[in-house]
Amino acid sequence: MASSSSTFVLSTLFSSCPPQSLNPNKPKTPSLSSTRQTLKASTFLKANQQPTFHPIPRNQIHLSRKFRTFITVRDGSDGDGDEQPVVGEDSAEFVLSKQKLSSWIYFTAILGTVLFILNVAWLDNSTGLGKPFVDAVSELSDSPEVVMLILILIFAIFHSGLASLRDAGEKLIGERAFRVLFAGTSLPLAVTTVVFFINHRYDGLQLWDVKNVFGVHELVWLSNFVSFLFLYPSTFNLLEVAAVDKPKMHLWETGIMRITRHPQLAGQVIWCLAHTIWIGNSVAVAASLGLIGHHLFGAWNGDRRLAVRYGEAFEVVKKRTSIIPFAAILDGRQKLPKDYYKEFIRLPYLSITALTLGAYFAHPLMQAASFRLHW
């Protein structure tokens, strides 16, 4: 028998929802709590049972203007009912028909403005604060390894600190204003850390040199390429990153999130291992330890914040995903749909692939630009 599927919407009820009819003959609309209990009971059936879901009629669903969760459920009548209902969001979804040209024009204008301000206020040695900042940190130690770790620590404090204050900050000044504050603080510190690493990556004690070993260059290149596919889930919502759309805290569940719940951590570990193997000195080791340590904290902090924001929905996603890549898939907690590959054939992933290739060939330009800063 051919597999059938039904898609329905569970919506949190707010005061903006239309009032229920007083007609006693009209069927009573099922409450949200009873719907959730039904879904929860059906989701956590024993392994030997076949779940069957019945879609709620469209005229019995109240759509909230503030929050919608889309759940696609497979009917288990033909034996395919072990596929998991999605309680999170579909990551990297990009529907061209829903895009507004004006939004991307604003995005381009904002990006150009940010880069101009970053150059004048931070990067330009004659007008910016970047060089004085690096010089002040460098005075704390003659060791490039120590300076590298201090720069990473400063970035981590501001980046993770502001992320932890997001809920309170957004209530105080609004989502867009807080995003501007967050990006305006994190971006120059991140650029400074990257520039210092590029300029001082060969200053440390050489521990090994495997550049001439057969296959190492190809292994490092492939690892670096793969790391970028994990590193940038922010491409899922670029318009929110630039505050063109109102920024939100998302509970992603599909695509790369099925492989690991924290793709940035996985990508950073892969990137650090690849660069440490290739460079092989103490500066690379120090940078890798600092970056991995920051991302480990970020993974813990991210889970904590999502638990506060989404509650039981996050716990469901957490139980069937893993921090270690592929672990939840291998132990059966994550059940991949048959057409899983389609979750990657999307513009954000294709864009990252193109940008990763471009960044590789632009390495000489990036190094030359960093050298000119003399940080």
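**Figure 1. Contacts and overall make-up of the predicted model.** Among contacts between residues at least 6 apart in sequence, 78% join residues at least 24 apart. The protein contains 15 helices and two strands. Of its 375 residues, 41% count as buried. The protein exposes about 21,700 Å², and carbon and sulfur atoms supply 65% of this area.

**Figure 2. The largest nonpolar core.** This core has 25 residues, and those with the most contacts inside it are Phe133, Trp271 and Trp375. Two or more residues are given to the core by each of α2 (101-123), α3 (130-138), α4 (144-164), α6 (175-200), α7 (216-231), α10 (263-279) and α11 (282-310). The largest share, five residues, comes from α4. Apart from this core lies another, of nine residues, including Ala92, Ile256, Tyr340 and Tyr349.

**Figure 3. The surroundings of Phe133.** Residues up to four places away in sequence are not counted in this view. Beyond them, Phe133 touches Trp122, Leu151, Ile154, Leu189 and Thr192. Phe133 is also one of the residues with the most contacts inside the largest nonpolar core.

**Figure 4. Spans annotated as "transmembrane region".** The annotation comes from an unreviewed UniProt entry and covers residues 104-123, 146-165, 177-199, 219-244 and 344-362. In the model, residues 104-123 are 100% helix and 0% strand, with end C-alpha atoms 26 Å apart. Residues 146-165 are 95% helix and 0% strand, and the end C-alpha atoms of this span lie 28 Å apart.

Technical notes:
Residues are numbered from 1 along each chain as its sequence is written. This is a predicted model: local features need pLDDT of at least 70, side-chain atom pairs count only at pLDDT 80 or more; totals for chains, interfaces and linings use all residues. Side-chain values use heavy atoms; hydrogens and water are left out. A nonpolar core is a set of buried Ala, Val, Leu, Ile, Met, Phe, Trp, Tyr and Cys residues joined through side-chain atoms within 4.5 Å. Buried means under 20% relative accessible area, exposed over 50%, partly exposed in between (1.4 Å probe, protein chains only). Helices (H or I, at least four residues) and strands (E, at least two) are DSSP runs, numbered from the N terminus. Contact means heavy atoms within 4.5 Å. UniProt positions are given in the numbering used here, feature names are shortened, and annotations may be inferred rather than shown by experiment. Accessible areas come from the Shrake-Rupley method with a 1.4 Å probe; for residues, only the protein chains shown count as cover.
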